[in-house]
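Q: Can you walk me through this one? I'd like the overall layout and then a few local details.

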Amino acid sequence: MLDDLIQRSDIDPSSIAGYDNVVFTHLEVGLAVLSGRADAGVATGSVASMLGLNFFPLSSERFDMVLAKNNFFKRQVQDLISVLRSDEFKAQANAFEHYDFKCSGTVIWPET
């Protein structure tokens with residue numbers, strides 16, 4: 001994604017400090033920027049907030065839990081869905097900046 005955005009913007013990657021540094025976690029990206037080893041990097045908004053860095057969203061993603069139909073009605077799964085749907089969970093989860101929990105706990109059945 002980053003390479004595509006850089007290419008579309010006609011930016012020379014060698015002009016970006018830290019472009020050639022490869023790290024494996026969002027926190028490592030944030031620490032590289034914080035320490036000055038990199039000008040910018042792709043990471044989550046929560047890492048940027050935690051480290052006091054500026055954050056500019058490049059895209060958004062949706063995360064789903066996938067499970068076999070025969071597991072759906074197990075008590076533990078139903079308990080988890082109940083928690084994810086609860087106002088208390090959403091209120092606490094919304095404390096994490098840059099995340100949207102309004103659809104948490106929504107069940108999506110695949111078309112057959």
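A: What follows goes from the whole chain to single residues, and the model is a predicted one.

Q: What box do the C-alpha atoms fill?

A: Taken along the principal axes, the box is roughly 55 × 35 × 20 Å.

Q: How much of the chain is buried?

A: Buried residues make up 14% of the 112 residues. The accessible surface is about 9100 Å², and 55% of that belongs to carbon and sulfur atoms.

Q: And the contacts, what share comes from residues 24 or more positions apart?

A: That share is 27%, counted among contacts with a separation of 6 or more.

Q: Let's take H2. Which of its residues are buried?

A: Val 29, Gly 30 and Ala 32 are the buried residues of H2. They lie on the same side of H2, because they cover an arc of only 160° around the axis.

Q: What do they pack against?

A: The buried residues of H2 pack against helix H3, residues 45-51.

Q: Which residues other than glycine have a positive phi?

A: Asp 10 is one of them, with phi near 55°. Asp 10 sits in the loop between helix H1 (2-8) and helix H2 (26-35), and it is exposed at a relative accessible area of 73%. His 98 is another, with a positive phi of about 75°. His 98 belongs to the segment after helix H6 (87-93).

Q: Is His 98 buried, exposed or partly exposed?

A: His 98 counts as partly exposed, with 44% relative accessibility.

Q: Back to the loop between H1 and H2. What does Ile 16 touch there?

A: Ile 16 is found in that loop. Not counting residues up to four places away in sequence, Ile 16 touches Ile 6, Ile 11 and Asp 39.

Q: How far apart are Ile 16 and Leu 51?

A: Ile 16 and Leu 51 are 35 residues apart in sequence, and their C-alpha atoms are 20 Å apart in space.

Q: Switching to charges: how many salt bridges does the structure hold?

A: It holds four salt bridges. One of them joins Arg 8 to Asp 4, with the closest N and O atoms 3.0 Å apart.

Q: Where do Arg 8 and Asp 4 lie?

A: Both lie in helix H1, four residues apart, about one turn of the helix. Arg 8 is exposed, with a relative accessible area of 59%, while Asp 4 is partly exposed, with 38%.

Q: What about Asp 79 and Arg 75?

A: Asp 79 forms a salt bridge with Arg 75, and the closest N and O atoms are 3.0 Å apart. These two are separated by about one helical turn, because they are four residues apart in helix H5, residues 75-85. Asp 79 is partly exposed at 38% relative accessibility, and Arg 75 is exposed with a relative accessible area of 57%.

Q: And Lys 102, what does it pair with?

A: Lys 102 forms a salt bridge with Asp 100, with 2.7 Å between the closest N and O atoms. Both Lys 102 and Asp 100 are exposed.

Q: Now Lys 90. Buried or exposed?

A: Lys 90, in helix H6, is buried and has no salt bridge.

Q: What is the nearest side chain of opposite charge to Lys 90?

A: Asp 87 is the nearest, 5.7 Å away. A salt bridge needs the nitrogen and the oxygen within 4 Å.

Q: What is Lys 90 in contact with, then?

A: Leaving aside neighbours within four places in sequence, Lys 90 is in contact with Leu 84, Arg 85, Phe 101, Lys 102 and Ser 104. Among these, Lys 102 is the residue that forms the salt bridge with Asp 100.

Notes:
Residues are numbered from 1 along each chain as its sequence is written. This is a predicted model: local features need pLDDT of at least 70, side-chain atom pairs count only at pLDDT 80 or more; totals for chains, interfaces and linings use all residues. Side-chain values use heavy atoms; hydrogens and water are left out. Buried means under 20% relative accessible area, exposed over 50%, partly exposed in between (1.4 Å probe, protein chains only). The arc is that of the directions from the helix axis to the C-beta atoms. Contact means heavy atoms within 4.5 Å. Accessible areas come from the Shrake-Rupley method with a 1.4 Å probe; for residues, only the protein chains shown count as cover. Lys and Arg count as positive and Asp and Glu as negative; His and the chain ends are not counted.
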